[in-house]
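Reader: I have the sequence and the model open. Walk me through it, one question at a time.

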Amino acid sequence: MCRQVFGFRLAMIALAAPAALLHAAPGLGVRLVGVAVVVTFMVSYVLFRDWERFGPLLLRHPSLLAADTLLGSLLLVSAGPDTTLAYVSVCTPLLAGLVYSWRGAACFASLQGLILLLVHATLKADRHAPVAEALLLPGLCVISGAMGSTLRGLMLRFGAATQALTATQARLAAAEAVSAERARLAREMHDSVAKTLYGVALAADGLAATASAESPDPARIRSEAGLVSRSARRAATESRELLRDLRREAAPEGGQAVAEARDRTPLWPELRSYAHDFTARTGLPVTCALPPPDTTPLALPSPLVRHLLSITAEALENVHRHASATHVEVRAEIHGALLRLSVLDDGTGLPPDTTLDRLRASGHFGLLGMVERAAQTGARIRIGRGDRERGTEVRVELPLPIVAGPERRQR
């Protein structure tokens, strides 16, 4: 705003300079007026162009603005109070109000008003001028000074409010980041370490039951002990992966995009591997309705594949633990502009009053983690019966532009 004031002054001085030079007395008067024109014009130009650099100097030294006011009064005397330069004098109290608050506005409004009254009384002494005409510009100086100090107060309040809003937004962003990280850790622990440790506990219970039998079978004990050992090692590996993910430094945005483009994993073999391991571990048959192996594999970024596989694994575990199902089907296809992944079973289905809030309150976080993972990848998830009479269907639909490679996106 101060720069705009000096821009207005710059234009008005340029318009009033010829009149000031024409009305100046020959000789020394023309030289003095010329010096005043050059000084006031250059000062206005410098402050208009580099206000951020020279504005603090003007803020620390109000005498500079007083000297500029006196030089402007010399032009005003030479050009006359009827020229455009008279209205430039109104800018001085406005600028003082913006820079020095109401004290500076009062001081410079009084000084500029006094100068205008003296110029008006001196140059128009030959005729009787109305009082209203003589008091018009001094009154405008008082009004502009009050406006400047008021605008200063409003802008300072606005700046303080903006700073407070920025600080609040930063705190909210930090709180949201912490909450998101806590939710991510909860999902990762639930879908990896917690499940593996639960399997270790079950295997240990089986080993204890076998060992405490009247005639324990050594082969079965060795098998169950090996299962406990493998499960414990798997839990340790998953813990290390979780810690490595936490220790991993964030890559730059461009570098992260390049890394994701290079680090891609085919989805169909991973789904078949998960289904085979699930059947071998639980004995529950799983049918995979996936594209044929001879088709072009769908290679996705590894983090996205991990989310999809975690959703699939959680859905299969829920079928094994809660559904009392006899068969499970994992189906995946590219349907139009969507990648559709479904896990269907013929079990008892979800209770009719199941909600995420009730599951969270009762300590069941599997479905909540599935919903959060789907939201994080930009996918839609549906959990229910679907078009079947019984059982449960978990369906994930991911938009094709998200999963397509760079070449396909470009086409």
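Reader: What span does helix α2 reach from its first C-alpha to its last?

Author: This is a predicted model. Helix α2 has 22 residues. At 1.5 Å a residue, 32 Å is expected. The span found is close to that, at 31 Å.

Reader: Which residues of α2 are buried?

Author: Buried means under 20% relative accessible area. An α-helix has 3.6 residues a turn, so residues three or four places apart point the same way. In α2 the buried residues are V33, G34, A36, V37, T40, S44 and L47.

Reader: Take S44. Which residues does S44 touch, leaving out those up to four places away in sequence?

Author: S44 sits in helix α2, residues 28–49. S44 has a relative accessible area of 0%, so it counts as buried. Its contacts beyond four places in sequence are F6, R9, L10 and I13.

Reader: How many salt bridges does a search of the whole structure find?

Author: Side chains of opposite charge can pair when their charged atoms come close. R49 is partly exposed, with 48% relative accessible area. Over the whole structure, the number of salt bridges is 6.

Reader: How many residues apart in sequence are the parts tied together by R3 and E52?

Author: The side chains of R3 and E52 form a salt bridge, 2.6 Å from N to O. R3 lies in helix α1 (residues 2–23) and E52 in helix α3 (residues 51–60), so the pair links parts whose separation in sequence is 49 residues.

Reader: Is E52 buried or exposed?

Author: R3 has a relative accessible area of 24%, so it is partly exposed. The cut-off for exposed is over 50%. At 56%, E52 is exposed.

Reader: And E329, buried or exposed?

Author: E329 forms a salt bridge with R331, with 3.1 Å between the closest N and O atoms. R331 is partly exposed at 32% relative accessibility. E329 has a relative accessible area of 18%, so it counts as buried.

Reader: Which residues make the nonpolar surface patch?

Author: The patch covers about 470 Å². Helix α7 (residues 131–211) gives the most to it, with 4 residues. L140 is in helix α7 and is partly exposed at 31% relative accessibility. The patch is made by Y87, L136, L140, I143 and M147.

Reader: On to the strands. How many residues of strand β7 are buried?

Author: Strand β7 spans residues 393–399. Strand β7 is largely enclosed by the rest of the structure, because the buried count among its 7 residues is 5.

Reader: What is the bridge partner of R380 in β7?

Author: Strand β5 (residues 338–345) runs antiparallel to β7, joined by 7 bridges. There, V343 stands opposite V394. Strand β6 (residues 380–384) also runs antiparallel to β7, with 5 bridges. For R380, the partner in β7 is E397.

Reader: What distance separates the C-alpha atoms of G369 and R187?

Author: G369 is in helix α13, residues 366–377. G369 is buried at 6% relative accessibility. Along the chain, G369 and R187 are 182 residues apart. Their C-alpha atoms are separated by 5.4 Å.

Reader: Last one. What share of the contacts with a separation of 6 or more comes from residues 24 or more positions apart?

Author: The protein chain has 15 helices and 7 strands. Of its 411 residues, 37% are buried. Among contacts with a separation of 6 or more, residues 24 or more positions apart account for 69%.

Note on methods:
Residues are numbered from 1 along each chain as its sequence is written. This is a predicted model: local features need pLDDT of at least 70, side-chain atom pairs count only at pLDDT 80 or more; totals for chains, interfaces and linings use all residues. Side-chain values use heavy atoms; hydrogens and water are left out. Patches are made of residues with over 30% relative accessible area and no salt bridge: like charges are joined within 9 Å, nonpolar side chains (Val, Leu, Ile, Met, Phe, Trp, Tyr) within 5 Å. Accessible areas come from the Shrake-Rupley method with a 1.4 Å probe; for residues, only the protein chains shown count as cover. A salt bridge is a side-chain nitrogen of Lys or Arg within 4 Å of a carboxyl oxygen of Asp or Glu. Helices (H or I, at least four residues) and strands (E, at least two) are DSSP runs, numbered from the N terminus. Buried means under 20% relative accessible area, exposed over 50%, partly exposed in between (1.4 Å probe, protein chains only). Contact means heavy atoms within 4.5 Å. Two strands pair if DSSP finds at least two bridges between them. The expected span of a helix is 1.5 Å times one less than its number of residues.
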